[in-house]
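Look at the model below with its aromatic rings in mind. The report that follows starts with rings and charges, then turns to helices.

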Amino acid sequence: MTSTGYSLTEHDDQPRARLLELLGAIEPWDDLERTHLKTATQWIGSGAPVYRVRKPDVPAMHLVSYFVVLDDTSGRLLLVAHRKAGLWLPAGGHVEPEEDPWAAVVRECREELGIQATASTITGELPFFLTVTETRGQGTHTDVSLWYLLNAEADTITSYDQDEFDAIRWLTAEHVLEESDELLDPHMHRFTRKLQHARAGRHCG
């Protein structure tokens, strides 16, 4: 576990303290994730609003829960063709006011993929990765995204939210890394390399 460098005080409300705890549980993969963790920690600790209250961009920086579904047997990852973003992304959505980010994963997983969220044995119900990203298109804003890892067999996902997504795809980590950055979340390659490292370490352990 890495330290966030922020000391909680008696004035911290419980949801904000919980967010700082979650950030502290993330081991940064590289210098960029280390920078993003510092940015997110300072943002949460500052008392700034962290939840989206009006679509698409109020406040201009707000919290998102991503979840990457892994079929552990085949090593394939699920990506969705997001209609608004025009990119292949992990599933997920905005965290509601005062909602725990894991509860957002459970809710969004049920709504978007029609399955119960099952936490990966690699991470449990803790985020695996964190990114701070400026969105593209109308209503540009900054997403502070906690990336969670779920387990599911590919054949158990038989439907998806067609209002949100054009299609879904199962890709091996190697195939994800072969895809152009222009087609994916800008941090998808970094997440995939971090996941490869974690899975290799688990299998060696």
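## Rings, charges and helices

Arg169 lies over the face of Trp88, 5.0 Å from the ring centre. Likewise, the charged end of Lys194 sits over the ring of Phe128, at 4.9 Å from its centre. A charge sits over a ring if NZ of Lys or CZ of Arg is within 6 Å of the ring centre and within 35 degrees of the ring normal.

This is a predicted model: local features need pLDDT of at least 70, side-chain atom pairs count only at pLDDT 80 or more, and totals for chains, interfaces and linings use all residues. Residues are numbered from 1 along each chain as its sequence is written, and side-chain values use heavy atoms, with hydrogens and water left out.

Next come the ring pairs. Rings of Phe, Tyr and Trp (its six-membered ring) pair if their centres lie within 6.5 Å; planes under 30 degrees apart count as stacked, over 60 as edge-to-face and the rest as tilted. By this rule there are six aromatic pairs. Two of them share Phe191:

| Pair | Centre to centre | Angle between planes | Type |
|---|---|---|---|
| Phe129 and Phe191 | 5.8 Å | 65 degrees | edge-to-face |
| Trp147 and Phe191 | 5.0 Å | 25 degrees | stacked |

Both pairs link distant parts of the chain. Phe129 is in strand 5 (residues 129-134) and Phe191 in helix 5 (residues 188-204), 62 residues apart. Trp147 belongs to strand 6 (residues 142-151), 44 residues from Phe191. Helices (H or I, at least four residues) and strands (E, at least two) are DSSP runs, numbered from the N terminus.

Phe191 is buried at 0%, and Trp147 is buried at 0%. Buried means under 20% relative accessible area, exposed over 50%, partly exposed in between (1.4 Å probe, protein chains only). Ring pairs also join Tyr66, Phe128, Phe129, Trp147 and Phe191 into a cluster.

Now the helices. Helix 1 (residues 14-24) has buried residues including Arg16, Leu19 and Leu23. The buried residues of helix 1 pack against helix 2 (31-45), strand 1 (61-71), helix 3 (101-113), strand 5 and strand 6. Contact means heavy atoms within 4.5 Å.

Helix 2 has 15 residues and reaches 21 Å from its first C-alpha to its last. That is close to the 21 Å expected at 1.5 Å a residue, taken as 1.5 Å times one less than the number of residues. Among the buried residues of helix 2 are His36, Leu37 and Trp43. Just after helix 2, Gly47 takes a positive phi of about 90 degrees.
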